[in-house]
Amino acid sequence: GYTGTIGVANAIDTLIEAAVFTKKNPEIHYVLVGEGKEKISMQQKVLELEVVNITFIDSIPKKQIQSMLGLFDICYIGWHKNPLYRFGIAPNKIPEYLYAKKPIIHAFSGKGDLVKQANAGLTVEAENPKAVAEGILTIYNLTNSQREQLGKNGQEFVLKNFTYSSLAKKIVNIID
């Protein structure tokens, strides 16, 4: 599943193209929750590629995101290859996904990969639909306990590193 803006920056086209590679697995279904400038063109792309295992859901209130994430088996976040990412990234979506205790497919080619640091899923090459599909199938083929461990790793990482108290301590250490 994916929650957020359906726009150029989020590489939703890569996820849609990845769905083509998993068509033979009818139990794998993609849910994209959100709105954005690219939503209509992405819906059109789904039709053109004849992908039937994707559902678009309209945007939901922010306070309902964790409930939606709880329904997913795997969370997706993707990026484009961009030299700017050599300095790292800081999207709100990654801590939300980590906190949800779900394995994450992170299509990213840059530095500062929180998913990898947290051991909370798989990072695959950005803009590579086949790599995304292979990552999804890899996590799909894990045991329930292995998937749960990835999710638990993510939640523990976010609670250790991104609570207000842990961030305040880091700031105090920098200032001192």
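Residues are numbered from 1 along each chain as its sequence is written, and side-chain values use heavy atoms, without hydrogens or water. As the model is predicted, local features need pLDDT of at least 70 and side-chain atom pairs count only at pLDDT 80 or more, while totals for chains, interfaces and linings use all residues.

Helices (H or I, at least four residues) and strands (E, at least two) are DSSP runs, numbered from the N terminus. Two strands pair if DSSP finds at least two bridges between them. Strand E2 (residues 30-33) runs parallel to E3, and four bridges join the two. Tyr30 stands opposite Ile54 of E3. In a regular strand the side chains alternate between the two faces of the sheet. Strand E3 (residues 54-57) has Ile54 and Phe56 on a covered face. Thr55 and Ile57 lie on its uncovered face. Together, E2, helix H2 (residues 39-49) and E3 make a right-handed β-α-β unit. Right-handed means that, with the strands pointing away from the viewer, the path from the first strand over the helix to the second runs clockwise.

Asn53 sits in the loop between H2 and E3. Its relative accessible area is 6%, so Asn53 is buried (under 20% relative accessible area, with a 1.4 Å probe and protein chains only). Leaving out residues up to four places away in sequence, Asn53 touches Ala19, Thr22, Lys23, Ile28, His29 and Tyr30. Contact means heavy atoms within 4.5 Å.

Three further strands are arranged in the order E4-E5-E6, as an open sheet with parallel pairing. Strand E4 (75-78) and strand E6 (121-124) are at the edges, each with a single partner strand, so one side of each has no neighbour in the sheet. The twist averages 10° from one strand to the next. Four bridges link E4 to strand E5 (residues 104-107) in the parallel sense. Cys75 has Ile104 of E5 as its bridge partner. Helix H6 (residues 129-140) lies across E4, E5 and E6 and runs at about 165° to E6. Axes are lines fitted to C-alpha atoms, for helices over the stretch in contact, and angles run from 0 to 180 degrees between N-to-C directions.

The largest pocket is lined by 19 residues. Gly1, Ile28, His29, Asp73 and Ile74 lie nearest its centre. E2, E4 and H6 each supply at least two lining residues. The largest share, three residues, comes from E2.

Terms used: Buried means under 20% relative accessible area, exposed over 50%, partly exposed in between (1.4 Å probe, protein chains only). On a 1 Å grid over the protein atoms alone, a cavity is a set of points where a 1.4 Å probe fits but cannot get out, and a pocket is an open set with protein on both sides within 12 Å along at least five of seven lines; lining residues have an atom within 4 Å of a point.
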